[in-house]
Amino acid sequence: MNTLIYTACLGLFGLLAEIFNLRKYLIPILVLGLAVIFSLNLQTWNNPQTHFNGMLSDSNFSTAFSGLALFIMLIILILSGDFYTSTDDEKHISDYMAILMFTLCGALMMFSFSNMAMLFLGIETLSISLYVMAGSRRFELKSNEAGFKYFLMGSFASAFLLFGIALVFGVTGTFSIDGIGNYMRMHADKLDPLFIVGMLLMIFAMLFKVSAAPFHFWAPDVYEGAPSLITALMSTLVKIAAFAAFYRLLSSCFVFALGKAEIILTISCAATLLVGNLVALVQDNFKRLLAYSGISHAGYMMLAIISIQGSTDSALFLYSVGYAVASLAAFAIAITVFKATGTESISGFNGLAKKNPLLAASLTMAMLSLAGIPPFAGFFGKYFIFSEAFRNGWQNMVFVAIISSIIGVFYYMKVIVAMYSKPANEFEIKPTFAYQMVIAVCLIISIVLGLYPCVFTKLL
Amino acid sequence: MLTLILLLIPLIASIIALFLRGELVKWFSLVATIVQLAFTVYVFTVFKTPDTTEVTKNLLSLNIDWINSPKINFNIGLDGMSLLMVILTNLLMPLIVLAGFNRNQERTHIMYSLMLLMHFALIGVFVSFDGFLYYIFWELALIPIYFISLNWGGVNRATVTLKFFIYTLAGSLLMLFGFIFLYWNTSSHSLSWVDLTMNHICSCKQGFIFWMFFLAYAIKIPIIPFHTWQPDTYSSAPTQGTMLLSGIMLKMGLYSLLRWLLPIVPMGTAEYTPYVIAMCFIGVVYASVIAIMQTDLKKLFAYSSIAHVGLIAAGIFALNVQGIQGGLVQMLAHGINVVGVFYCADIIINRTGSSDINTLGGIRVLSPRFATYFIIIVLGSVALPLTNSFIGEFMLLLGLFEYNSWAALFAGLTVILGAVYMLRMYQKVMLGDINENVTVFEDLKWNEELVLATIAILIFAFGIFPKPILELVAPISEQIYRLSFVR
Amino acid sequence: MTDTVIQTSNLFMPTILIPLLPLIGFIINGLFGKKLGHASGWIATTMLLASFACALVLFFNLPAGGSETVVLSNWFYFKDIFIPFAFLIDPLTITMLLVVTGIGSLIHLYSIGYMHDDEGFSRFFTYLNLFVFFMLILVMGNNYLMMFIGWEGVGLCSYLLIGFWFKNQAYNDAAKKAFIMNRIGDLGFLVGMFMMLFHFKTLNYDQVAIGALNLGIGNITIVGITLALFIGAMGKSAQLPLYTWLPDAMAGPTPVSALIHAATMVTAGIYMIARSNILYSLAPHTLDVILIVGTATSIFAAIIGLLQNDIKKVLAYSTVSQLGLMFAALGMGAFESGMFHVVTHAFFKALLFLGAGSVIHALSGEQDMRRMGGLGKYIKITFATFLIGTIAISGIPPFAGFFSKDEILATAFEHNKIIWGLLSFSSMLTAFYMFRLLYLTFSTSFRGTDEVKHHIHESPMVMTLPLMILAVCSIVVGFIGLPPVLSHTHSFKTYLSSVFAQSKTIMPAGHEMSHSMEWILIGTAVGLALVSIAFAYNKYVMQKQTPVEDEQLNGLNKVVANKFYVDEIYNVVFVKPIMLLSDLFLVIIDKLIIDLLVHAVAFITSQVGRLLRLFQSGHVGFYMFAMVISMIILLAVQIFVVI
Amino acid sequence: MENSIQSVPQNWYLLLSTFMFCIGVMGVLLRRNAIIILMCIELMLNAVNLLLVSYSSYAGNAEGQVFVFFIMVVAAAEVAVGLALLVSIYRNVASTDIDILNRMKW
């Protein structure tokens with residue numbers, strides 16, 4: 001709860017910074033602030049409590065994910081220092097920062113909501129600020145298009161969410177997840193059809209938010225169009241937040257009703273896995289490729305969702321961490337390469353190994369981690385999720401996941417092959433210090449997690 | 001504890017190697033691998049000491065909790081089989097490192113660091129007694145060799161190595177599924193080898209698990225028809241990579257058959273053995289026949305190695321003691337011989353710049369010493385008595401004979417065909433009049449001489465005094481047999 | 001068997017020295033051959049002479065009918081089966097030892113002269129010593145695997161020595177052919193051993209024999225084993241249909257032909273069968289097979305021999321024919337007769353080859369008899385010795401060949417008249433083509449070019465000495481086995497009796513034939529031989545006929561001169577199809593089918609990707625439409641499946 | 001007040017708002033003008049509001065109405081952002097037809 005408030009304060013500070021023109025020091029201060037908040041956040045560990053008479057409630061789940069979110073935002077901030085360099089950006093830097101802070105607020109709400117209203121607000125806070133950020137390159141049509149597409153579909157989807165909430169409210173007469181949970185437990189055998197419909201509508205909306213097929217269409221376009229840094233944010237923080245919220249919602253409100261949604265979830269999961277990987281095969285824009293890979297990763301996380309009865313939160317969390325660090329590293333490198341080469345297509349990576357072996361090696365590690373190859377965190381995330389899903393009897397889904405990850409390896413290797421065996425292009429590629437730091441930290445975390453994952457498996 | 005040290009030496013070495021440059025890194029890796037070898041000898045002596053009390057056990061094996069749920073232990077140890085493979089690996093590594101002297105690749109330090117990393121992974125595969133740990137090492141072993149082949153490889157290496165990588169990774173992912181399947185289908189939720197061999201999975205599931213594992217191994221070994229990645233990869237990879245691949249890495253597959261397939265799903269194995277053995281037999285003859293007309297040196301050796309490992313796999317699946325024992329002995333022998341032939345191929349290609357046997361010839365006139373070493377290695381690989389591979393092949397064929405005499409006769413054709421393609425190759429490359437392409441063939445360098453001499457000595461040593469190796473593997477093959485034979 | 005039993009008998013030392021000395025010679029020559037130069041020849045020879053001495057020691061010290069086993073160590077073992085390095089010393093072994101080391105050392109001596117100007121001098125002796133070492137292992141081993149070591153080892157050496165002049169690819173082809181054909185036989189041998197291990201759990205001669213005896217006569221297992229082993233013998237001893245490598249093997253230097261392809265290696269098959277006589281006597285069917293194969297080979301080779309013009313080829317075919325004769329003897333269960341012929345044949349055939357070698361040496365490399373003639377005048381010693389050899393092989397008393405051949409014929413007569421007829425016919429042919437050879441080479445006038453004629457010269461002492469020794473032997477050695485009509489003690493038989501005693505008890509001994517009958521047989525044999533000699537004399541000395549050039553051949557002659565086109569047939573039936581198959585496998589199955597499937601999977605996957613990607617049309621309207629539609633579909637599915 | 005709301009059977013509210021919601025959806029799907037689509041989305045949201053209000057009054061607690069305020073606020077924010085984006089697009093392509101927005105596809 002405090003985490004949320006402090007973050008909001010940081011956001012406000014960002015806005016005010018414009019007035020006291022602290023632009024220069026803004027990012028450092030924010031980074032510092034986030035670091036402090038991060039440490040504060042840890043205090044809520046193992047003392048669950050509810051705030052605002054049942055609107056929010058801290059739990060280890062929320063704390064863990066909040067920590068992850070804060071970490072991601074920290075990284076994003078560090079990256080943004082060297083990302084927003086054009087004069088136009090300079091002008092708006094404080095706005096951007098403020099909006100990023102509010103995005104984080106939305107995410108934090110989604111982790112710790114205990115009332116539909118908070119869920120709704122969280123999602124909207126997150127989404128609206130992202131609409132803005134996605135469209136923040138005002139003079140680039142691509143950016144506008146991305147922002148607008150995201151906005152249209154996002155608000156469309158949240159309408160469904162709201163309708164679902166309304167129906168559920170109508171049946172249960174409450175917005176608090178405990179109340180709904182109680183209703184569900186009591187009437188698990190004969191649920192009101194309206195309740196089911198409401199649940200399904202909410203599930204659809206959440207599937208949209210996590211960009212699961214067949215509601216994934218927005219993701220590739222938005223990811224491609226948005227500024228790379230925002231893409232990084234979306235593919236990590238937003239996806240994880242959405243999944244966390246999805247998980248929290250289902251586990252607290254609809255666990256026993258999920259029998260009614262099983263097939264939908266299953267189909268969507270399989271579809272997500274296959275679509276994500278298959279279409280990624282034929283991409284040659286790196287951001288778009290990462291977008292599709294993100295979709296496929298959503299598919300793997302869906303495995304944790306469909307096997308929610310077995311309380312798969314720790315697996316989900318581990319996967320999120322692995323995925324987050326890997327893609328942050330990948331994006332950090334990608335941004336550097338984009339800046340240097342001016343192209344976002346994979347050909348920009350050609351011969352990177354010759355020019356900057358270390359960078360190439362790092363991107364290789366990130367890719368391998370995303371592809372789920374030991375000894376990186378990505379592998380363990382995958383393994384735990386598969387194992388959990390298997391334990392809950394989703395053997396066929398696991399098999400599908402295995403097949404699709406075989407497909408997946410192919411396009412991650414495509415990048416690696418480009419770096420190592422294609423002739424080099426002439427651009428000089430050298431990441432700035434901040435980026436080097438970020439890459440190093442992320443990869444180290446990835447490897448450490450790969451070697452000793454129980455730090456997080458014991459967690460939840 | 002000792003096993004852990006065995007595991008750590010290469011790892012540390014590979015990390016150090018990253019920070020060295022030029023010739024120094026080669027020397028360093030050589031020293032490191034030799035130290036490793038020496039240590040292996042020491043471990044061997046410890047292992048041989050008659051008292052198998054707790055002391056020795058604890059000395060050799062190490063089992064600490066790693067991940068609690070799903071339960072994964074860092075469980076490493078040594079039994080006859082693992083020790084044999086470790087010996088093979090550590091015997092070959094110095095030779096492979098040494099083979100790289102007087103050859104200049106760019107970014108040497110990375111290459112050797114990768115080789116040492118691979119060394120680490122291979123040792124890990126052989127000593128890990130927890131399925132999951134084993135799986136991690138198995139996957140880990142793939143990465144360095146992939147990058148070695150990708151960076152220091154020959155023509156169209158990108159596509160070839162990618163095929164190799166995807167192909168093998170596909171197999172291992174299926175194996176991962178198999179492991180998860182095992183884990184949740186065993187009463188004691190653990191992947192430790194002992195537990196897995198203890199508790200019996202219902203035979204209905206065993207068949208499925210069998211295929212999950214077998215595909216992974218069939219691709220790695222490779223068994224026909226999963227072999228098409230191999231000849232291209234062997235011919236396009238740098239020689240040291242090819243040595244690693246053919247000498248040690250493909251033994252991973254064979255070793256895993258014995259460790260993780262037969263004893264764990266005996267019923268499944270029993271159910272599908274006929275098909276598998278048929279596959280291997282066809283593979284043996286098929287590959288040998290193809291090798292007869294091959295004109296590319298490396299491809300020829302690649303196919304010959306397919307034939308040999310096919311025979312080993314068949315012998316293992318014959319499910320009798322001498323088959324298993326012969327298989328183990330033959331792994332060692334084949335590892336040494338195949339490294340030998342590929343090194344000879346490399347020397348020739350490096351000197352003449354051609355790997356087409358029709359454009360070679362008369363080298364024996366120019367370099368009789370090399371010719372002698374080469375013929376010894378060739379004889380080793382056609383399994384002449386008193387060379388290392390004879391005993392293995394003899395026991396394998398005997399095992400197969402007990403399984404099915406006609407099948408053994410069919411597989412025995414390899415005795416003839418092997419002689420055909422090897423002698424044809426030798427005649428075309430070494431004998432005859434000097435071909436215009438090879439007017440100059442400088443004599444062996446010291447490191448080449450050293451490697452070849454060592455290999456030649458090993459070939460005879462294991463051929464004439466196989467007792468230590470046989471004693472090493474006899475008990476374990478008995479055990480595997482007992483575990484994996486369904487009455 | 002326990003580990004490393006060292007016999008504390010006085011025979012231990014010589015026993016291990018016999019194979020060891022050639023091995024030492026091999027190592028010395030192999031390592032320092034280049035530096036030693038011509039000394040290496042003498043080293044090799046002395047080594048062999050020394051082991052000959054050891055063999056003699058054994059010969060004199062081994063108690064009559066006794067046998068000794070010397071175990072060096074366990075070679076390898078699995079389950080309860082132990083395979084030792086062990087030597088068995090009994091009369092049979094000693095016989096072979098004496099032949100191998102004795103004739104071997106003579107040929108070594110000869111080679112010093114013959115190979116004098118060859119740049120591969122030391123290499124030659126290295127190989128030769130290695131060969132002798134393996135040959136000794138072959139005959140001394142006490143189990144089949146030891147024999148197999150030697151068996152493959154001599155094959156290797158014959159490969160190395162046939163292809164000794166490795167710059168000539170034709171020679172290399174011959175060498176390869178020899179090795180591979182032997183390998184085919186070896187597979188048979190291997191299978192035989194597997195059967196033994198499978199049924200008897202051992203490979204030691206004595207234990208195998210015991211096991212076999214327990215199974216009894218005509219048991220299918222034993223038939224199988226014996227047949228499998230016989231296939232091995234076919235390969236090694238050049239019987240139909242695996243004989244074709246032996247004539248080609250003449251590509252090697254002549255001493256090699258003498259030592260390996262006449263005297264010792266090719267008789268390994270006979271030795272092996274004699275060694276496992278008990279098994280064979282238990283398998284009558286196999287014996288019949290051997291008899292038929294042997295007889296057929298003997299005649300077939302003899303016929304081909306009639307029209308060969310290469311002096312060494314003629315000898316080669318005569319060797320094949322003689323080997324056939326020996327197998328026929330074995331097939332009739334007359335093991336000691338077979339061995340007897342092995343011994344005598346070893347002497348006179350070595351003599352003949354060395355003589356031929358000396359002729360070739362004299363004519364500086366000429367081998368075609370159509371370019372020879374009248375050499376008797378120039379190289380007298382060679383002529384004399386060669387004459388003796390020829391007479392010996394033609395079976396004219398009292399030369400060695402007569403006794404052994406007569407013995408076999410007599411046995412044949414008892415056994416089966418038809419066989420007897422065929423064998424006598426082949427020996428008649430032998431007499432003919434051998435004298436044809438003799439006349440074409442030595443009598444009448446020289447037909448070669450003049451500059452060849454100028455430096456025709458007698459060979460040096462090192463070469464003629466062995467010739468003379470061998471000539472003497474080929475005269476006297478026959479007397480160790482006099483036929484019953486002449487003496488009542490067949491010393492050779494009695495010497496070997498202990499080895500074959502048991503098989504004698506198994507097989508029904510033919511009734512002792514009357515002396516008159518025997519005189520008649522001898523008469524016929526000698527008569528036939530003399531007739532064919534006279535015929536040859538008439539044809540080649542009186543009418544001075546010379547064989548026509550290959551081109552002018554026609555009809556049957558052409559077929560015979562071209563060895564019935566067997567090589568060509570094999571080429572068409574085996575070699576070509578395999579090559580075809582190889583290409584087929586590689587191109588069709590490997591590249592086309594399997595690889596295509598593999599790539600098809602990848603291709604299809606990416607195509608599906610391309611297809612799916614089309615849904616990503618970029619129109620936000622379509623996206624939302626798709627969302628709603630899929631919602632509806634999913635709902636429908638959910639509802640209809642649940643309810 | 002309640003009476004007037006509750007004078008209508010609850011299901012009618014449900015039907016009505018569902019109907020409105022569907023109209024909104026159809027509008028979003030069928031129209032190509034961005035602004036109209038925006039309006040349709042607003043319509044959907046209002047359908048939800050109606051439903052919530054009716055439910056809350058029937059349930060007799062104010063949560064529903066409070067929620068409605070949340071929705072209104074958020075909707076306002078959304079519209080603001082949406083229009084801002086639309087403006088900047090319009091500045092670039094001088095059109096509000098959403099079909100123009102397909103620079104990025106596949």
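**Entry 1: ground rules.** The model is predicted, so I kept in mind that local features need pLDDT of at least 70, that side-chain atom pairs count only at pLDDT 80 or more, and that totals for chains, interfaces and linings use all residues. Residues are numbered from 1 along each chain as its sequence is written, while chains are lettered from A and ligands numbered from 1 in the order in which they are written.

**Entry 2: chain B overall.** I looked up 20 helices and two strands in chain B (DSSP runs numbered from the N terminus: helices are H or I with at least four residues, strands are E with at least two). The radius of gyration of chain B is 21 Å, close to the 23 Å from the globule rule for 487 residues, so chain B is as compact as a globular protein of that length. That radius is taken over C-alpha atoms, and the rule is 2.2 Å times the number of residues to the power 0.38. The C-alpha trace spans about 70 × 55 × 45 Å along its principal axes. Of the 487 residues, 66% are buried (20 or more other C-beta atoms within 10 Å of the residue's own, C-beta atoms being placed from the backbone).

**Entry 3: H14 and H17.** In chain B, helix H14 (residues 321-352) packs against helix H17 (residues 388-403) at about 150°, with the axes 7 Å apart. Axes are lines fitted to C-alpha atoms over the stretch in contact, and angles run from 0 to 180 degrees between N-to-C directions. That makes H14(B) roughly antiparallel to H17(B) (over 145 degrees; under 35 is roughly parallel). I noted eight nonpolar, twelve polar and one charged residues in this contact. Ala, Val, Leu, Ile, Met, Phe, Trp, Tyr, Cys and Pro count as nonpolar, Asp, Glu, Lys and Arg as charged, and the others, Gly among them, as polar. Contact means C-beta atoms, placed from the backbone, within 7 Å.

**Entry 4: H12 and H18.** I then checked helix H12 (residues 266-293) and helix H18 (residues 405-430) of chain B, which pack at about 20° with axes 9 Å apart. H12(B) and H18(B) are therefore roughly parallel. The residues in contact include Phe281(B) of H12(B) and Phe410(B) of H18(B). By class, this contact has 14 nonpolar, three polar and one charged residues.

**Entry 5: chains C and D.** Eleven residues from chain D and ten residues from chain C make up the contact. On the chain D side I noted seven nonpolar, one polar and three charged residues.

Definitions and conventions. Parallel < 35°, antiparallel > 145°, perpendicular 65-115°, else oblique. Buried ≥ 20, exposed ≤ 12 C-beta atoms within 10 Å, placed from the backbone. Contact = placed C-beta atoms within 7 Å.
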